[in-house]
Amino acid sequence: MGGGWDAWGVMVEEGPAGMQAASRDEGRQFALPLVVRVERGAAPGRTEALECAAVAVLRFLTDRRVTEVDGEWASAARAWEDARIRKVVRRARGAAWERALALPGISVTRCGPGTERGAEVRVFPPVPVDDWPADLARLQVSGTDFDDAQAPGEPGAGTPVLWLNPALPMTAGKAMAQAGHGAQLLWWGLGPRDRSEWADLEFDLAVRIAGSREQWTGLLVSGLPVVTDGGFTEVAPGSATVVADHPALRAALGMPPRGGD
């Protein structure tokens, strides 16, 4: 595999020490591929691309091909979660996008205000980092940075939010991987009832940059799940990139509802 945007998260159950355990490097390493559609002159908005990637990860985690013991993707998903939990974002357009669509995976589309096409992301079952399918391996990882047509609004009350570090610049591709990790940490942290309710809402969520360093610092010490980066690309190892915020987790921690910070 060439370069790519990847990260690993601090698992709720294990904490930073568990995710950094050397034993995770002993087995074969896998990555969860995400491909974003970027047609010439029609790039998606940054925020909707990040949100689309996060929803795509949730759709993958809850797919029967993953959750059922004998599911088609179950063994690959287990191998991926037993090693460094890496996600890699690449881009495709035209015929390359059509070839990606022909491979087994899950497509997600998300449209935001002021956009025509919206964001399209396809997630695929985990692959060994040294043995990607040819139609994915040839896709480029560079040039995937987008802007929002307009500033995203305030997330609705009760909407789960993935807060990005305001002091840590990242390309859109890098941030998409981080948002996917944040969504995964939320899913791991929820109980069955909250998971079911969120799935019924089609994993409604928002991705936003924390409004200030003070807000970010408060989120970091709140007890909410934190994504830290493995240092493979763009940022230093151990950098906190995302805090994953969900009403159910706030309630469990005794935190006020969002808006009462």
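Mentor: Strand 1 (residues 30-37) is largely enclosed by the rest of the structure, because eight of its eight residues are buried. Keep in mind that this is a predicted model.

Trainee: Which residues point one way from strand 1, and which the other way?

Mentor: In a regular strand, side chains alternate between the two faces of the sheet. Here Phe-30, Leu-32, Leu-34 and Val-36 point one way, while Ala-31, Pro-33, Val-35 and Arg-37 point the other way. All of these are buried.

Trainee: In what sense do strand 1 and strand 2 pair, parallel or antiparallel?

Mentor: Strand 2 (residues 86-92) pairs with strand 1 in the parallel sense, over seven bridges. Within strand 2, Arg-91 is the bridge partner of Val-36.

Trainee: How many bridges join strand 1 to strand 4?

Mentor: Three bridges join strand 1 to strand 4 (residues 119-123), and the two run antiparallel. Val-35 stands opposite Arg-122 of strand 4. Strand 5 (residues 127-128) also pairs with strand 1 in the antiparallel sense, over two bridges, with Pro-128 opposite Phe-30.

Trainee: Turning to helices, at what angle do the axes of helix 2 and helix 7 cross?

Mentor: The axes of helix 2 (residues 46-61) and helix 7 (residues 172-189) cross at roughly 40° and come within 8 Å. That makes helix 2 oblique to helix 7. The crossing is right-handed.

Key
Residues are numbered from 1 along each chain as its sequence is written. This is a predicted model: local features need pLDDT of at least 70, side-chain atom pairs count only at pLDDT 80 or more; totals for chains, interfaces and linings use all residues. Side-chain values use heavy atoms; hydrogens and water are left out. Axes are lines fitted to C-alpha atoms, for helices over the stretch in contact, and angles run from 0 to 180 degrees between N-to-C directions. Helices (H or I, at least four residues) and strands (E, at least two) are DSSP runs, numbered from the N terminus. Angles under 35 degrees count as roughly parallel, over 145 as roughly antiparallel, 65 to 115 as roughly perpendicular and the rest as oblique. A crossing is left-handed if the near helix is turned anticlockwise from the far one by less than a right angle, and right-handed if clockwise. Buried means under 20% relative accessible area, exposed over 50%, partly exposed in between (1.4 Å probe, protein chains only). Two strands pair if DSSP finds at least two bridges between them.
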